[in-house]
Amino acid sequence: MKIIVPMAGRGSRLRPHSLTVPKPLIPIANKPIVHRLVRDIANILSEPIEEIAFILGDPAFFGDEVVKSLEELAESLGAKASIYRQLEPLGTGHAIMCAEPSLSGPAVVAYADTLIRANFELDPAADAVIWTKEVDQPEAYGVVKLNDKEEITELVEKPKEFVSNQAVIGIYYFKEIADLKTELQYVIDNEIINGGEYQINDGIKRLMSKGNIFKTGTVDEWMDCGNKEVAIDTNTRIMKFMVKDGSDELATKATVDNSNIIEPCVIADDVVIKNSTVGPHVSIGAGTTITNCKISNSLIQNNSVIRNATLDEAMIGNHVKYNGNFKYISIGDYSVME
């Protein structure tokens with residue numbers, strides 16, 4: 001089994017944090033989004049992962065440190081890491097085709113800006129599976145249309161009339177991904193463009209028209225990381241799952257001086273917390289110092305210094321110096337507010 005992970009986009013909705021760090025590498029509960037996503041998928045699949053193909057953008061932004069972290073992620077799962085580049089933003093279908101040498105055999109395609117919780121087995125009768133989540137407002141999403149055999153017959157983007165409440169979340173399984181490669185090559189060769197880009201959906205629709213059987217794989221939880229508000233909400237939800245799972249990621253050896261930690265929190269071992277109340281649902285990255293603060297429901301990254309702050313639903317980047325009394329803040333890397 002292979003996992004194909006397009007992650008070339010920089011993520012404008014999560015600025016200022018994605019100005020200096022690729023959005024898939026922004027931490028949720030102190031672990032990068034793409035790391036959590038790939039591990040979650042590996043846990044669902046019953047087969048060993050032989051290769052993980054990452055499609056990155058410009059090397060000036062997705063540099064050597066990014067490549068190293070992804071290689072280490074693949075290695076930790078017993079898989080080979082393959083690194084490809086999408087140097088122009090030409091769409092989801094084009095991104096997949098940038099990994100053309102890896103497009104053979106069974107594979108999962110997963111876009112690295114979302115997290116999931118799921119527990120299901122892939123249907124052996126299906127040629128492909130599109131993972132979906134039941135939503136309350138399907139008109140705001142791309143949804144699948146099903147026949148009486150529970151097979152997907154159509155993909156409908158933001159339907160004005162009810163089609164189904166199963167929204168497409170951006171994760172797909174193909175029993176033979178070379179079949180998708182063939183159809184996406186046709187899409188590119190014939191310049192079939194939607195929204196100015198080559199889309200995976202146009203390749204999928206061609207597979208459906210040739211009789212390929214598509215089924216749904218329904219996830220229990222679908223968590224977006226697209227902007228500051230939902231990233232913080234996802235940070236909180238992941239910690240709640242950690243409590244339920246008994247995760248050892250909740251344990252910490254941080255230095256806590258005259259302070260109160262309200263669980264659950266994810267705090268790096270070398271963090272220093274003085275004269276503060278932290279939690280619940282706070283993640284604090286390595287090398288950060290917290291002094292005279294009250295912080296809840298917040299995401300704080302690495303090597304930052306936070307003083308005299310009362311924060312709730314805040315998101316703070318790396319190497320930040322913050323001394324103040326604002327409450328709802330989103331501060332990018334290397335910022336100074338004193």
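Okay, let's start with the overall build: this protein has 6 helices and 28 strands. Those are DSSP runs, numbered from the N terminus, with at least four residues of H or I for a helix and at least two of E for a strand. The radius of gyration is 21 Å, close to the 20 Å from the globule rule for 338 residues, so the protein is as compact as a globular protein of that length. That radius is taken over C-alpha atoms, and the rule is 2.2 Å times the number of residues to the power 0.38.

Before I go on, a word on where this comes from. This is a predicted model, where local features need pLDDT of at least 70 and side-chain atom pairs count only at pLDDT 80 or more, while totals for chains, interfaces and linings use all residues. Residues are numbered from 1 along each chain as its sequence is written, and side-chain values use heavy atoms, with hydrogens and water left out.

Back to the overall picture. The C-alpha trace spans about 65 × 40 × 40 Å along its principal axes. Buried residues are 51% of the 338; buried means under 20% relative accessible area, exposed means over 50%, and partly exposed is in between, with a 1.4 Å probe and protein chains only. Take the contacts (heavy atoms within 4.5 Å) between residues at least 6 apart in sequence: 55% of them join residues at least 24 apart.

Now the charges. There are 33 positive and 48 negative side chains, and the centres of the two sets lie 4 Å apart. Lys and Arg count as positive, Asp and Glu as negative, and His and the chain ends are not counted. Each charge is placed at NZ of Lys, CZ of Arg, CG of Asp or CD of Glu.

On to the inside. In soluble globular proteins, nonpolar side chains tend to be buried together. A nonpolar core here is a set of buried Ala, Val, Leu, Ile, Met, Phe, Trp, Tyr and Cys residues joined through side-chain atoms within 4.5 Å. So which residues touch the most other members of the largest one? Those are Ile41, Phe54 and Trp131, in a core of 53 residues. Helix α1, residues 33-44, gives the most to this core, with 7 residues. Apart from that core lies another, of 27 residues, including Ala99, Val144, Tyr172 and Leu207.

Have a look at tryptophan 131 in your viewer. Leaving out residues up to four places away in sequence, its contacts include Ile41, Ile44, Phe120, Val168 and Val219.

Next, some backbone details in the loops. The peptide bond from glutamate 263 to proline 264 is cis, with omega near 0°, and proline 264 sits in the loop between β15 (260-261) and β16 (265-267). Another cis bond joins glycine 279 and proline 280, and that proline 280 is in the loop between β18 (277-278) and β19 (282-284).

Asparagine 275, in the loop between β17 (272-274) and β18, has a positive phi, near 50°. Asparagine 292 has a positive phi too, near 55°, and lies between β20 (289-291) and β21 (294-296). Buried or exposed, or in between: where does asparagine 292 fall? Asparagine 292 is partly exposed, at 38% relative accessible area, and asparagine 275 is partly exposed at 38%.

Last stop: glycine 195, in the loop between α4 (177-189) and α5 (200-209). Glycine 195 counts as exposed, at 81% relative accessibility.
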